[in-house]
Amino acid sequence: MAAGFAQSRFAARDVDFVLRSPSMNAWAQTWFWRGNAARYLDLDPEAAAAHYAQAVRRDPLLLDAWFAMARMQAQSGRLSPGLVRFLLHDLPAGTVWQWPRLLLAADTDDARSFRASFNFVLAHLPKHRQEAMELAARFYGSWDGVLAAVDPENRWTALDLLLAQKETDAALRCFSFLEADPAPLDPHRTLRLVDYLIWNERLEEARSLWARHGTGWYGPGPVTNGGFEDPLLGRAFGWRLQRHRNVEVRRTGSEAREGEHSVHLHFLGTENLRYHHLWQLVSVEPGRSYQLQFARKARGITTDRGVYVEVTGFRCPGLRVKSEEVTGSSAWREETLAFTVPESCTVVRLGVRRDESLKFDNKIAGDYWIDAVRLVEAPSPGE
């Protein structure tokens, strides 16, 4: 009966009752909790050490208490070498105590044990990974030291954690380790890194990474998947599609200017909308002249403001060119937009757009297809 009641209090995390009630004195877990309270709340290391000692006397298999007692000894300078040797080197590997083992290894400056437990946490203990990376940064003194300690099978995890901490330079160094590995790169995680670099003002690194790996996965550039033969990528230097409740967008095999697919936009006629939801970022060279070539088709597009294709500088001023606005119906037709990239610009944004109408009859309906999108370098003016 008493055992069941005690277990119910531990299960309910009834900390106040466990800490204060004499009826809980028989349980090792009680003394472990009391030790934690003395250590972290009361800031009383002597009482904490005494409570941990009570816990291990009552249950020698309560390893959490052994680890806590060893850490108290390490931090007070009264370390028991035998206890530390047992906990760090003799205790068999196991998920339950690898996190406290990592903490003890840090307190005792045991590099071999720290590295082993650090990699175990990265591989098997998701809830402690971020904290483990921060602890490793303090232990090794630099991100270079941390990355040298990360086992190859944990490098993608380390990369994700560095991105979460916005440690961009360290993340790029981690990726250089992955590039040197014989194992193939994970394309989805590589794309996530490119996206991160784009949206965190690291365009040169994003362009370089895409040039090394992106075109190998998604075809030659500069425009990615310009014939829409593959699904829209949704990230990096590929087509992105943001959903709009009044526009249906899909790849279609029933209409194509070349190849087997195009993209079809169907406007429902329920809103005077400003559309800018289908677009792609393209890597370009500053000062160069280009021609954007594409094919388009239309059927029954209403209102005075039609659909057009636009090229603008991405996070750089001085570039905006657009095609003619298409209304009504027309068969497939090729168009070309010529432009010169400003000296400050390395990435452009191309997209399908429609502006709001000021007319009374302004709710756009109809269909628009786009296909065969290419960006080719052209001679600069005067050449």
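What follows is a chat about the disulfide and the nonpolar cores of a predicted model.

Biologist: Before we start, what should I know about the model and its numbering?
Modeller: This is a predicted model, in which local features need pLDDT of at least 70 and side-chain atom pairs count only at pLDDT 80 or more, while totals for chains, interfaces and linings use all residues. Residues are numbered from 1 along each chain as its sequence is written, and side-chain values use heavy atoms, with hydrogens and water left out.

Biologist: How many disulfides does the structure hold?
Modeller: There is one disulfide (a pair of cysteine sulfur atoms within 2.5 Å) in the structure, formed by Cys316 and Cys345, whose sulfur atoms are 2.3 Å apart. The pair links distant parts of the chain, 29 residues apart, with Cys316 in the loop between β6 (307–313) and β7 (320–322) and Cys345 in the loop between β8 (328–340) and β9 (347–354).

Biologist: And is Cys345 buried or exposed?
Modeller: Cys345 is buried, at 0% relative accessibility, where buried means under 20% relative accessible area with a 1.4 Å probe and protein chains only. Cys316 is buried too, at 10%.

Biologist: Switching topic, which residues have the most contacts inside the largest nonpolar core?
Modeller: Those are Phe118 and Met133, in a core of 71 residues; such a core is a set of buried Ala, Val, Leu, Ile, Met, Phe, Trp, Tyr and Cys residues joined through side-chain atoms within 4.5 Å.

Biologist: What is Phe118 in contact with?
Modeller: Leaving aside neighbours within four places in sequence, Phe118 is in contact (heavy atoms within 4.5 Å) with Leu102, Ala132, Met133, Ala136, Val146 and Val150.

Key. Helices (H or I, at least four residues) and strands (E, at least two) are DSSP runs, numbered from the N terminus. Buried means under 20% relative accessible area, exposed over 50%, partly exposed in between (1.4 Å probe, protein chains only).
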